[in-house]
Amino acid sequence: MRKIFAVILTASVFFICCDSRADGQNPVKKLARGIVNAAIGIGEIPINIADIEEKEGPLSAATYGTLKGVCFFVLREVVGVVEVATFYAPLPGTLERESAERDWGYGPIMEPEWVVK
């Protein structure tokens, strides 16, 4: 029984890792994206503060930029955990190709795909 389980597990890992698509979205990339986004999602706060400061000034950055950063931080963390938990399965509403509509797939749930652009 253990040998059968080991063979099935090995075959599953092989097929997941070898699932290559023309657009580069696959389960392994989804897992990596989820880990990175969950690990450094806190980066959304200073990134949003800097973006708002550049566009609207320091007062707006201190208030609106901070609140926007905290909201995107929480969202990024949740999306990262969901992508890690479901890396093996395609999800609805993901963007598989840049010019395509959202459909079932391994693409990002949130844009931009990564915390750091």
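Visitor: Ser60: buried or exposed?
Guide: Ser60 counts as buried, because its relative accessibility is 17%. Buried means under 20% relative accessible area, exposed over 50%, and partly exposed in between (1.4 Å probe, protein chains only).

Visitor: What sort of model is this?
Guide: The model is predicted: local features need pLDDT of at least 70, side-chain atom pairs count only at pLDDT 80 or more, and totals for chains, interfaces and linings use all residues. Residues are numbered from 1 along each chain as its sequence is written, and side-chain values use heavy atoms, with hydrogens and water left out.

Visitor: Where is Ser60, and what does Ser60 touch?
Guide: Ser60 is in helix 4. Leaving aside residues up to four places away in sequence, Ser60 touches Ile52 and Gly65; contact means heavy atoms within 4.5 Å. Helices (H or I, at least four residues) and strands (E, at least two) are DSSP runs, numbered from the N terminus.

Visitor: OK, helix 3. Which residues are buried there?
Guide: Glu44, Ile45, Asn48 and Ile52 are buried in helix 3. Down the helix axis these buried residues fall within an arc of 95 degrees, so they line one face. The arc is taken from the directions from the helix axis to the C-beta atoms.

Visitor: What does that face pack against?
Guide: The buried residues of helix 3 pack against helix 4 (58–85). Just after helix 3, Gly57 has a positive phi of about 110 degrees.

Visitor: Switching topic: how many salt bridges are there?
Guide: The whole structure has 4 salt bridges, each a side-chain nitrogen of Lys or Arg within 4 Å of a carboxyl oxygen of Asp or Glu.

Visitor: What does Arg76 pair with?
Guide: Arg76 forms a salt bridge with Glu44, with the closest N and O atoms 2.7 Å apart. The pair links Arg76 in helix 4 to Glu44 in helix 3, 32 residues apart. Arg76 counts as buried because its relative accessibility is 1%. Glu44 is buried too, at 5% relative accessible area.

Visitor: How about Glu113 and Arg33, what is their spacing?
Guide: The closest N and O atoms of Glu113 and Arg33 are 2.7 Å apart. Glu113 lies in the segment after strand 2 and Arg33 in helix 2, so this pair ties together parts 80 residues apart in sequence. Arg33 counts as buried, at 0% relative accessibility.
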